[in-house]
Amino acid sequence: MDTFKTRFLAARQAVIDMSLRDLNPQQRQAAEAADGPLLILAGAGSGKTTVLIRRIACLLRFGRAADTEEIPPEATEEDLEFLERYVRLGSPEDRERAEALCALDPAMPWQILAITFTNKAAGELTSRLEKLLGAEAGDLWTSTFHSACVRILRRNRDRLGLNGADFTIYDTADSQSLIKRILKDFAMEEKSYPPRSVLSFISAAKNKMQDPEDCRKAAGIDLRRQQLADVYREYRRRMLQADAMDFDDLLLNTVRLLENDGEVLDYYRRKFRYILVDEYQDTNMLQYRLVSLLAGERKNICVVGDDDQGIYKFRGATIQNILEFEEDFPGARVIKLEQNYRSTSTILDAANAVIRHNQGRKGKTLWTSNGKGDLITLYTAGNENEEAQYVAGRILASFSAGGNWRDHAVLYRVNALSNRLEYAMKRNGIPYRIYGGTRFYDRAEIKDMLAYLAVVANPGDDLRLRRILNNPPRGIGDTTVERAGQLAAEQGSSLYEILCHAEEYPELRRGLNGIRSFTALIRDLREKRTETLDVLYDELLRRSGYVAMLEERDTQENITRLENIQELKTNILSFIRERSGVGTLEDFLDEMALYSDTDEMGKEGDCVSLMTMHSAKGLEFPTVFVVGAEDGLFPGTKAIGEDEEMEEERRLCYVAITRAKQKLYITNARQRMVFGRTQNNMLSRFIQDIPEEYLQKLPMRETAAGTGFRAYHTGSGSGSENSGSYSAARRPERSRPAPRPLYSAPKSAAPAYVPKVGDRVKHKAFGGGTVLTVKTVGPDRMLEIAFDDSGTKKLMLSAAARFLQKE
DNA sequence: AATCCGGTTCTTTTT
DNA sequence: GAACCGGATT
């Protein structure tokens, strides 16, 4: 081989290595691989996002260079010398030119499509890419599946056969109310056809790319399935009529568009030279089809995922996609990232021990060079109150030892468990935030405002129009609306069109005045579409009479509603700012439909996080509490006995455990009230799979029988468990626990000396110091003390009292 | 049109 | 145990 080439290859490899030197060998391999299908099996905490980012950077900087023996044909001796000098000296100012000399077919930013599942993940990817690449990052397509589809569909809206100019997105609540309408019109009982399950039937059908007709055929003589197919057909008919798409339609219609329109397919295949998909284990069939369509013959598709973390089967995700990737894309390279940078080895070993029992998995074993760390604490409480109080106590203790609130997360299987925990947090003055409650735009008044805006954008949207037609009341009664609905159905036109010609129909006479003022309102607002969005919104608030209606009575409820409406204005303003004034009404509505405010996670200051295990995916915390670890709850009753369900639950357990960086607590309760019934559950079988050597079980021994309450004093020996002062007071007066949920700090623990701000104090361990702040936290006080020699520390008074005296 | 009552339901939910 | 929905009642 000619020496020039050999030298060039060596120098180039060295340059690339220099740019990736902070990655481990597997990560580096994944970042360097360029063309062809690539599966990255990334265990929890293995630096998956980092790899994605570095891979993109690598494609942009080096193109195929890291992955081939080819050298750029135009390379000269002079270039080579430059490279070799750079390798020798590593002068940072030469870096850019050196990297450019190495590049072979570098990708352009707009040729890269990176798909994530959540807006949060997409946002994180974008911001980290911006940091690394600067302005170049702006031309990358980093988006969720759904927003990528919206983008494709909008660009090709004239090929979709719409009635109007554009389409509207229905969220799940919209879809559900449409289903309810249809059930009503079909005189079907909601009891025998729960809207939710009808919807998931339709969703499943779409996932298999089945038409209503296909479903009808597949139903055979099954009457129920025939009926479901009929509802599906009507659902689709009304969606088409209103130019509306639900979340599944966004994917489905994009797939259809690409399949049926060679020109469009060709365009995107050419455009996206490289495709990256994150969280591939959570993709469904439609998403798989979409991705393979786009990948085309080139098959430059890189998917990242962890088969052990697939927890969304119930929404149509199939881990088959990741398990069968190598068959779907023959010749695929597979790289496993098994080094974990997040957790202690104890936590990882426990997680491995749990997930090992699953059959359908690729098989990975996480390891770490982090130390063993603390044992996992398994605390068995008598009941759910005790459990919650234990968690609160541990959080207080950790906080007083200098931790932040935000370093703690409490994870549960079902939202129903959050109540007790919330009370415990409140009682102890712990700042907390519960994720996954009602979303901002799920509130009625927000939905109303958005419905107005949606109708302004698209008057053919019957569903939204019905929502606002008589809201605020305009004297348009149900019967009038029903009659108008019938007329619309007969004439195959939209409700709005009927209303616009209401005077032609005698049966609408009763509501004529109201209808006129409504259609006039919409007409006027539609004229304002050319103004900026905030002007339109102000006009809406003024003209609709909605605000006036709320201002009539200033109840607390109305006041919050007005605030929320104002808050939406803030959203609009920041939307306009983001889009530098060019955001359209349609864009805004898209964003509202596609963005949930769980995307705001973690932006809320210093708080303990309470959330379901599902929402915790992708997050990490120094200290994690997994509560309710009981058979019947986790795994839930419905899953026990079902193999596939059990595997999914076990994956969920794996996800939960691997959220913890340093300290993991697992709790269960011997007795627990669930849905108004008292249950006696056994410790979760998943937890029983964790070898004893990793666990510290509390309480270590039973306290005197018959007191009803047990404190979790651990006595001597385990110095880290000194939270007794937060535990339930021992009350010997009754032999049975009476209904008394409240815990109070034992009186005997009330310290004689309560420091005040500015006091000089002396601490046995930390020496002299000055009290900076004193804050009441539940039954206790949190002190912040600036020690003369040991820095500023936060201490809980009850814990510190015996070491502390006034100087 | 508003309010009350009573029966029902209760995994998980990135979009 | 609580929240939510639909129907009935005024």
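The legends below describe several close-up views of a predicted model.

**View 1. The largest nonpolar core and the surroundings of Leu450.** In this predicted model, the largest nonpolar core contains 50 residues, and those with the most contacts inside it are Met449, Leu450, Leu453, Tyr537, Leu568 and Phe588. Helix 20, which spans residues 444-457, gives this core its largest share, namely ten residues. When residues up to four places away in sequence are not counted, Leu450 touches Tyr441, Leu568, Phe588, Leu589 and Met592.

**View 2. The packing of helix 25 against helix 27.** Helix 25 is formed by residues 533-544 and helix 27 by residues 556-578, and their axes come within 9 Å and cross at roughly 160°. Angles over 145 degrees count as roughly antiparallel, and helix 25 and helix 27 are therefore described as roughly antiparallel to each other. The crossing in which helix 25 passes helix 27 is right-handed. On the side of helix 25 the contact is made by Leu533, Asp534, Tyr537, Asp538 and Leu541, while helix 27 contributes Ile565, Leu568, Lys569, Ile572, Leu573, Phe575 and Ile576. Sorted by class, the residues of this contact are nine nonpolar, no polar and three charged. Tyr537 and Leu568, which take part in this contact, are also listed among the residues with the most contacts inside the largest nonpolar core.

**View 3. The packing of helix 7 against helix 14.** Helix 7, residues 145-155, packs with helix 14, residues 285-295, at an angle of about 55°, and the two axes lie 12 Å apart. Helix 7 and helix 14 are therefore oblique to each other, and helix 7 passes helix 14 in a left-handed crossing. Where the two helices meet, Phe145, His146 and Cys149 come from helix 7, and Gln287, Leu290 and Val291 come from helix 14. Four of the residues in this contact are nonpolar, two are polar and none is charged.

View 4. Helix 21, which runs over residues 462-469, is mostly covered, as six of its eight residues are buried. The buried residues of helix 21 are Asp462, Leu463, Arg464, Leu465, Ile468 and Leu469. The elements that cover them include strand 4 (168-169), helix 8 (172-185), helix 20, helix 22 (478-491), helix 23 (495-500) and helix 24 (512-527). Arg464, which is found in helix 21, has a relative accessibility of 11% and therefore counts as buried, the cut-off for this class being under 20%. Not counting residues up to four places away in sequence, Arg464 touches Thr168, Ile169, Tyr170, Asp174, Ala451, Ala454 and Val455.

View 5. Although Leu378 and Leu695 are 317 residues apart along the chain, their C-alpha atoms are separated by 6.5 Å. Leaving aside neighbours within four places in sequence, Leu378 is in contact with Ile666, Asn668, Leu683, Ile687, Leu695, Gln696, Lys697 and Leu698.

Note on methods:
Residues numbered from 1 in each chain as written. Chains lettered and ligands numbered in written order. Predicted model: local features only at pLDDT ≥ 70, side-chain atom pairs only at ≥ 80, totals over all residues. Heavy atoms only, no water. Axes fitted to C-alpha atoms, helices over the stretch in contact; angles between N-to-C directions. Helix = DSSP H or I, 4+ residues; strand = E, 2+ residues; numbered from the N terminus. Parallel < 35°, antiparallel > 145°, perpendicular 65-115°, else oblique. Left-handed = near helix turned anticlockwise from the far one by under 90°. Contact = heavy atoms within 4.5 Å. Nonpolar A, V, L, I, M, F, W, Y, C, P; charged D, E, K, R; others polar. Core = buried A, V, L, I, M, F, W, Y, C linked by side-chain atoms within 4.5 Å. Buried < 20%, exposed > 50% of the residue type's maximum accessible area, 1.4 Å probe, protein only.
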